[in-house]
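Subject: Structure handover and notes

Hi there,

Here is the structure I promised to pass on. Please open it alongside this email, and my notes follow below.

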Amino acid sequence: MASNAYIIANKRAVSSHPHPHRQPHLPLPLLLLLLFSLLFIGKFDLVSALNYTKYTRKVSNLRLQRIQKHLEKINKPAVITIESPDGDIIDCVHKRKQPALDHPLLKKHKIQRVAPEMPKVKTLKRDEGSGDSKRKEGEDLIWQMWHRNGTRCPKGTVPIRRSTTRDVLRAKSLFHFGKKQSTTINPTRRADAPDVVSSNGHEHAIAYTATSQEVYGAKATINVWDPSIQEVNEFSLSQIWILSGSFDGSDLNSIEAGWQVSPELYGDSRPRLFTYWTSDSYQATGCYNLLCAGFVQTNSRIAIGAAISPVSQYDANQYDITILIWKDPKLGNWWMGFGDNNLVGYWPAELFTHLADHATMVEWGGEVVNSRANGKHTSTEMGSGHFAEDGFGKSSYFRNLELVDADNSLSSVHDISTLAENTNCYNIKNSYNNEWGTYFYYGGPGNNPQCP
């Protein structure tokens with residue numbers, strides 16, 4: 001059964017449909033059935049405001065054969081298969097058969113079996129939860145849609161979201177499937193510098209650390225919402241970036257994790273847990289989730305790329321997720337933790353050049369694609385779709401921003417800067433208190449009278 005969050009979202013989707021009252025001569029029983037279907041299925045399945053027509057063009061047999069060959073490469077044989085209520089297929093794949101180990105640099109890689117050394121907390125452990133934040137990750141609540149039918153992947157396997165031909169066809173090409181364009185910005189340059197106000201249409205509202213410092217990891221708790229997306233090829237995400245290398249060259253290394261809404265990548269408008277990596281400024285290496293070889297998953301209960309549920313509602317229950325990324329001081333792999341010290345997996349050190357040593361910058365915040373369809377700024381929302389000034393329950397937040405140092409110690413960030421390219425569209429406001437440590441509100445609606 002859909003949660004209240006989905007029902008509220010559905011009411012928005014239905015009311016935003018152009019002239020719904022002008023559908024003539026529909027029999028009352030059929031009309032009631034249609035309305036029920038809309039409420040039950042939700043905006044996430046319908047994506048009614050998006051136009052998928054151009055993504056359903058005729059495809060040659062040769063292209064379909066190439067796509068099928070690629071899918072056979074990344075969709076590994078499953079021990080068991082789980083059908084999620086949202087339509088996803090989750091394959092439970094033996095951990096030694098997962099895509100990561102196909103990488104040329106990982107042919108002799110042995111999956112790390114010894115748990116990494118968790119970062120030490122420098123300060124006394126405080127209650128990191130807001131009294132109004134409902135999800136407690138360590139309590140094993142149902143927080144991914146595929147958990148709802150109660151089936152779990154067996155020990156020794158990892159859950160992998162199956163990719164389909166339709167997923168690939170929504171991408172610009174087979175090469176672009178599962179990849180980002182070059183989107184990372186160098187916030188230390190002037191806000192009007194070419195690589196900040198970039199022509200690729202990506203806009204940000206971020207907090208970031210000073211450059212040229214040695215960083216070995218970062219952590220944050222991220223508020224989860226379901227921002228609306230205007231165009232199929234646009235997205236809205238909220239994430240942590242771990243960076244090293246040159247912003248101006250082709251050697252930037254980046255490790256990323258958070259939540260995103262991406263109709264092109266997933267075929268719906270649900271917020272989903274995601275990861276990303278690149279070692280060459282997003283040119284040829286790396287990908288989202290497990291859509292290429294690289295990230296080694298070790299957790300049998302968390303599916304990267306699967307939908308997060310429930311999500312926050314305006315002026316009502318707030319839900320968040322905690323993500324930790326850090327470098328194991330013994331073996332050098334970059335690990336991802338979720339919630340209350342749940343290990344998800346790791347990016348092997350062999351994948352990177354600069355990050356094989358340490359990071360030099362961390363960024364936290366939101367990013368959207370602004371394709372300027374019809375010559376106007378997109379109405380794709382960032383965060384909750386509300387500006388930072390609206391505060392708790394209305395605006396999205398990152399809280400308890402922390403860094404890992406060379407001693408593998410975790411401490412609160414005290415010296416951060418913020419950047420938003422166009423504050424009339426999306427903005428960010430940071431602060432500090434004893435409960436949330438360093439935190440910020442961020443986001444916005446995109447197109448509005450001040451953001452034409």
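Predicted model: local features only at pLDDT ≥ 70, side-chain atom pairs only at ≥ 80, totals over all residues.

Residues are numbered from 1 along each chain as its sequence is written, and side-chain values use heavy atoms, with hydrogens and water left out.

Around Gly258

Gly258 counts as buried because its relative accessibility is 0%. By buried I mean under 20% relative accessible area, by exposed over 50%, and by partly exposed anything in between (1.4 Å probe, protein chains only). Not counting residues up to four places away in sequence, Gly258 touches Ile222, Ser238, Gln239, Arg272, Leu273, Phe274 and Ile323, where contact means heavy atoms within 4.5 Å. Gly258 and Tyr276 are 18 residues apart in sequence, and their C-alpha atoms are 9.2 Å apart in space.

Strand S8 runs antiparallel to S9, and seven bridges join the two. Within this pair, Ala257 stands opposite Thr275 in S9. Two strands are said to pair if DSSP finds at least two bridges between them. In general, strands of a sheet pair through backbone hydrogen bonds, either parallel or antiparallel.

Which order do the six strands of the open sheet follow? The order is S9-S8-S7-S14-S5-S17, with antiparallel pairing. S9 and strand S17 (417–420) stand at the edges with a single partner strand each, so one side of each is left without a neighbour in the sheet. Neighbouring strands here are turned by 20° against each other on average, direction ignored; the axes are lines fitted to C-alpha atoms, for helices over the stretch in contact, and angles run from 0 to 180 degrees between N-to-C directions.

S9 (residues 272–278) is mostly covered, with seven of its seven residues buried. Arg272, Phe274, Tyr276 and Thr278 are buried on one side of S9, and Leu273, Thr275 and Trp277 are buried on the other. Elsewhere in the sheet, strand S7 (residues 236–244) pairs with S14 in the antiparallel sense over eight bridges, and Leu243 stands opposite Met361 in S14.

His358 is in the loop between strand S13 (342–347) and strand S14 (361–369). His358 is buried, at a relative accessible area of 12%. Leaving aside neighbours within four places in sequence, the contacts of His358 are Glu214, Val215, Tyr216, Ser244 and Trp334.

Cores

The largest nonpolar core has 82 residues, and Ile242, Ile323, Trp347 and Trp364 have the most contacts inside it. A nonpolar core here is a set of buried Ala, Val, Leu, Ile, Met, Phe, Trp, Tyr and Cys residues joined through side-chain atoms within 4.5 Å.

Helix H4 (residues 61–74) has 14 residues. Ile67, Leu71 and Ile74 are buried in H4. Seen down the helix axis, the buried residues of H4 fall within an arc of 65°, so they line one face of the helix; the arc is that of the directions from the helix axis to the C-beta atoms. These buried residues pack against helix H5 (165–170). Asn61, Gln65, Arg66, Lys69, Glu72 and Lys73 are exposed on the other side of H4.

Three strands form another open sheet, in the order S1-S2-S4 with antiparallel pairing. Strand S2 (residues 89–94) is joined to S4 by five bridges, and His94 has Thr157 in S4 as its bridge partner.

Backbone points to look at

The peptide bond from Ser309 to Pro310 is cis, with omega near 0°. Pro310 lies in the loop between strand S10 (296–297) and strand S11 (320–327). In that loop you will also find Asp315, whose phi is positive, near 55°, in a residue other than glycine. Asp315 is exposed, with a relative accessible area of 53%. Ser281, in the loop between S9 and S10, has a positive phi near 60° and is buried at 9% relative accessibility.

Best wishes

Notes
Helix = DSSP H or I, 4+ residues; strand = E, 2+ residues; numbered from the N terminus. Expected span 1.5 Å × (residues − 1).
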